[in-house]
Amino acid sequence: MSNTASAALARHGTSYARFLWKAVRDATDGSAWFYAWMILLTSLALVGLHAWAVQVRDGLVVTGMSDHVSWGLYIANFTFMVGLAAGGVMMVIPAYLYHDHEMHDLTIVGELLAVAAIVMSLCFVVVDMGRPERFWHLIPGIGRFNWPFSMLTWDVIVLNGYLALNLHICGYLLYMRFLGRKPSPRWYLPFVYLSIFWAISIHTVTAFLYSGLGGRPLWNTALLAPRFLVTAFIAGPALIVVLLFVLRRLGGVPIGPKPVQVLVNIVRVTLLINLLMVASELFTELYSGGSHTASGHYLFFGLDGAHALVPWIWSAVGMGVVSALMFLRPGVVARPVWLTVACALAFAGIWIEKGMGLIVPAFIPSTLHEIVEYSPSLVEWQIMAGIWAFGLLVLTVALKIALPILRQPHGEETAATSDCVVTEQPKARATHA
Amino acid sequence: MIETPAQNPEPANEGGMTRRTALKALGATLGAAAFAQAIAPLTEWTDNLTIDEYLQKHYKEMSPVDMAMVIARLQTETKEETGVDVHIGDYRPQPGVKFGYALNLSVCVGCRRCAKACHIENNHDRPSGNSYIRVLEMQKGSLDLAKGRVNYDHAVPDKEKFYMPVQCQQCDKPPCVSVCPVEATWKEKDGIVVVDYNWCIGCRYCEAACPYHARRFNWTKPQVPAAEINPDQGYLSNRLRPQGVMEKCTFCLHRSRQGKLPACLEACPTGARVFGNLLDPESEIRWVLQNKRVFVLKEDVGTQPSFFYFFDE
C-alpha cells in the first residue's frame with residue numbers, strides 16, 4: 001500500500017514539475033505586444049524600486065509626510081488594495097454558494113486578482129516602514145508579535161492567510177486542469193468556503209485598524225468596516241468586468257454574458273449602498289458639529305483656508321454618483337464601452353474615497369488641532385506607480401499561465417492534452433509543424 | 001499521442017528558436033543590470049548597518065552582558081561618527097516610584113523655554129527644530145484645542161490668552177503601546193512609556209494612535225553638530241536616534257531616574273512645572289493633586305494620563 005502511495009507521489013513529483021515548467025514557459029512567451037507590455041511594466045516597477053531604494057537610504061523625509069500627517073499615499077493604497085483583494089472573492093460567492101457553474105472558471109480570475117492585490121497591499125506596507133529590514137521582528141517565535149493586542153498583528157495574519165488560501169485554491173484547480181483530471185472537492189471546496197469568510201475578515205480587520213483609534217474621530221466610527229466591505233465589493237467586481245472584456249479582446253476564455261451580468265448586478269447595488277453610507281456620514285458630521293467633526297469639515301469644505309482635499313473628495317463623490325446612474329440604465333450596461341467607462345469611474349472614485357479621502361483627513365487637523373496639509377511627493381508617486389506595475393505584472397503572468405489551462409476541456413481523461421498543447425502556441429507555428 | 005506536452009515544446013523552426021532564446025537572454029541580462037542599478041542606493045545605506053545591530057535582541061530579552069556590549073558598540077559608533085565621547089546608561093525604574101507631572105496654567109507665560117531645553121537635552125534634530133513639547137496659545141475661557149495656536153510669534157504673555165504646553169502624558173492606558181505590532185514601545189514600572197529604538201520597525205501606527213501628538217518619527221538621520229551633543233545619555237531616552245524609528249518624551253529618564261528633574265522643568269522661569277513621585281505622600285506633586293483642582297487633557301478618550309493641569313484660584 002505504501003508502495004502505491006509513494007509511486008503516486010513520485011508521479012505527482014514529475015507531473016508537478018512539468019506543470020511548473022509549462023507555467024514558466026507560458027509566462028515568458030508571447031506576441032510582440034505581450035513583450036512590449038511586460039517591458040513597460042518592468043520598467044515602471046524598476047523606477048519604483050529605485051525610488052524606494054533612495055527612500056530607504058535617505059529616510060522617509062523624501063515623502064510628503066510629517067509628524068502631523070504621518071500616513072499618506074502608501075497606506076491609502078494599502079487600504080484600497082486590501083479591499084480589491086476582498087472584492088475578488090465576489091466571483092466565488094455566486095459560483096459556489098449558489099452552484100452557478102458558469103461562474104466557476106471565472107472564480108480563478110477573481111482569485112488571481114486577489115493574489116495580485118494582496119501582494120500589492122503587502123508591498124505598500126513594506127514601503128511605508130521606516131526600517132523595512134527589521135521585518136523579522138514581526139515573525140512570531142523569533143520576533144515579538146504583539147498579538148492579540150495590536151490590530152496590525154491581526155492584519156498580518158489574515159492577509160498572509162488569505163494569500164496562502166488563494167494560492168492553494170488557484171494552484172490546485174489549475175494543476176488538476178493541467179492533468180486533465182476532475183478536481184477532488186475535498187481538496188478545494190472547504191478552502192473555497194473558508195476564503196469567503198476570510199475575504200470578509202481581511203477587510204473588517206483592516207477597518208478595525210483605524211476605527212479602534214479613539215484619538216482620530218474621523219475613523220472612530222462603527223460604520224467604517226461595513227463601508228470598507230461595500231466599497232470592496234464595488235472596486236473588485238468593477239475591475240473584473242473590465243478585465244473580462246480585455247481578456248475577451250485578447251482571445252482568452254470564451255465568456256458568456258451571464259457572469260458579467262452577475263457582476264454588474266453586484267456593483268449596481270453596492271454603489272447605491274455606498275452612496276447612502278457616505279451621505280449618512282456626512283449628515284452626522286455636519287448636523288452635530290463640534291471640534292471632533294473638524295476632519296470631516298476639512299475633507300469636504302476645507303478648514304481655516306486649508307482645502308487641499310476638497311477637489312479630491314468631490315470628484316470621488318461625483319464619480320460615485322455618475323457611475324451609479326450609469327449602472328441603473330440598462331442601455332449603458334448592455335454596451336461594453338459604456339460599461340467599461342462606468343466601471344472605471346466607480347473604481348477611481350473608490351480609490352480616492354478610501355485612500356486620500358479617508359486616510360489623510362484623519363490627520364488634519366492634528367490631535368492638537370494644528371492644520372498641516374499633505375500632498376504626496378514625486379518619490380511617493382513613483383513608488384506607487386512601481387507597485388501598481390508590479391501588481392499588474394503578477395496578474396499578467398498569473399493569467400498568462402492560467403488561461404491556456406482554462407481553455408482545456410473540463411474533467412476528461414488525458415486524451416485531450418496533446419490537442420491543447422498545439423492550441424496554446426501561436427497558430428502560425430503549429431501549422432509550420 | 002504526446003505523453004508529456006512540456007518535453008516537446010518547439011517541434012520545428014530551429015532558427016527562430018535560437019533567435020528567440022538569444023533575445024530572451026539579452027532581455028534578462030539587461031533586466032538584471034537595470035535591477036542592480038535601481039537598488040544601488042540600498043547598498044550605500046547598508047554600509048552603515050552592522051550584523052550586530054541587525055540581530056540585536058529586544059530590550060527586555062537582553063542580559064546585562066548583552067546590554068553592556070550593545071552600549072559599548074553604540075558609544076564606539078558615536079565616537080567614530082562624531083568624535084564625541086558619550087556615556088550611555090541603561091537607567092532602570094526605581095522601586096516605589098511612579099512619576100507624575102503637573103503644570104500650572106495660571107503661571108505659564110508661553111515662553112517656550114521648556115521646548116527649547118527639551119530640544120537641547122534630548123539631542124533633537126537641529127534643522128527641524130524638533131522638541132517633545134508643543135506650547136499652545138489658548139483663548140481665555142475655553143479649553144477647546146481648536147481655538148489654540150502653536151505658531152504664535154509675538155511678545156509673551158498676551159494678556160488675552162493663556163498658554164498650555166503639551167508633551168507625552170505617560171498614560172496609564174497608552175493607546176500607542178497596545179497598537180505597536182512588535183512591542184517596541186511599552187510602559188515601565190515607574191509609569192514612563194519608552195521606545196526601543198533598535199527594535200522599532202517604523203510603521204508609525206503609534207503616532208496615529210496617540211491623541212496628544214506626543215510621538216515623533218525620525219524622518220531622516222537626526223543632525224546634531226558635534227559640539228552641541230549632550231554626552232549624558234540614556235539607552236531608552238536621549239541617545240542619538242537612528243533614522244526611521246519613533247521617539248518620544250521620557251520625562252528625561254536619564255535624569256529623573258537618577259534623582260534629577262526633567263530638563264523642561266529646570267528651564268521653566270515661572271515655576272509652572274511640578275514633577276515628582278506620585279507614590280510619595282510628602283512629594284510636591286501629591287500636594288498639588290490634593291490641594292488644586294487638577295484636570296487631564298482629553299479625559300474622554302480614556303487614556304488616564306499621569307500629566308495634570310491646573311489653574312490657581
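**Figure 1. Burial and overall form of chain B in the predicted model**. Of the 313 residues in chain B, 42% are buried. This is a predicted model, and local features are described where pLDDT is at least 70. The secondary structure of chain B consists of 10 helices and 11 strands. Its radius of gyration is 27 Å, well over the 20 Å that the globule rule gives for 313 residues, so chain B is more spread out than a compact globule. The C-alpha trace of chain B spans about 100 × 45 × 40 Å along its principal axes. Among the contacts in chain B with a separation of 6 or more, 64% are between residues 24 or more positions apart.

**Figure 2. The side of chain B that touches chain A**. Here 62 residues of chain B are in contact with 55 residues of chain A. Several elements of chain B give two or more residues to this side. The helices among them are H1 (14-38), H2 (40-46), H6 (175-179) and H7 (205-209) of chain B. The strands that do so are S3 (134-139) and S7 (215-217) of chain B. By class, the side of chain B that touches chain A holds 41 nonpolar, 12 polar and nine charged residues.

**Figure 3. An open sheet of three strands in chain B**. Strands of a sheet pair through backbone hydrogen bonds, either parallel or antiparallel. In this sheet the order is S10-S2-S11 (chain B), and the pairing is mixed. Strand S10 (273-277) and strand S11 (307-310) of chain B are the edge strands, each pairing on one side only. From one strand to the next, the twist averages 20 degrees.

**Figure 4. Pairing of S2 with S10 in chain B, and the helix that packs on the sheet**. Strand S2 (residues 99-104) of chain B pairs with S10(B) in the antiparallel sense, over five bridges. B:Tyr101 has B:Phe275, in S10(B), as its bridge partner. Helix H10 (residues 284-291) of chain B packs on the sheet and touches S2, S10 and S11 of chain B. The direction of helix H10 of chain B makes about 110 degrees with that of S10(B).

**Figure 5. Helix H6 of chain A and the residue that follows**. Helix H6 of chain A comprises 29 residues (residues 151-179). At 1.5 Å a residue, this helix should span 42 Å, and its end C-alpha atoms are 42 Å apart, which agrees. After H6(A) comes A:Gly180, whose phi is positive, near 75 degrees.

Methods: Residues numbered from 1 in each chain as written. Chains lettered and ligands numbered in written order. Predicted model: local features only at pLDDT ≥ 70, side-chain atom pairs only at ≥ 80, totals over all residues. Helix = DSSP H or I, 4+ residues; strand = E, 2+ residues; numbered from the N terminus. Expected span 1.5 Å × (residues − 1). Rg over C-alpha atoms; globule rule 2.2 N^0.38 Å. Buried ≥ 20, exposed ≤ 12 C-beta atoms within 10 Å, placed from the backbone. Contact = placed C-beta atoms within 7 Å. Nonpolar A, V, L, I, M, F, W, Y, C, P; charged D, E, K, R; others polar. Pairing = 2+ DSSP bridges. Axes fitted to C-alpha atoms, helices over the stretch in contact; angles between N-to-C directions.
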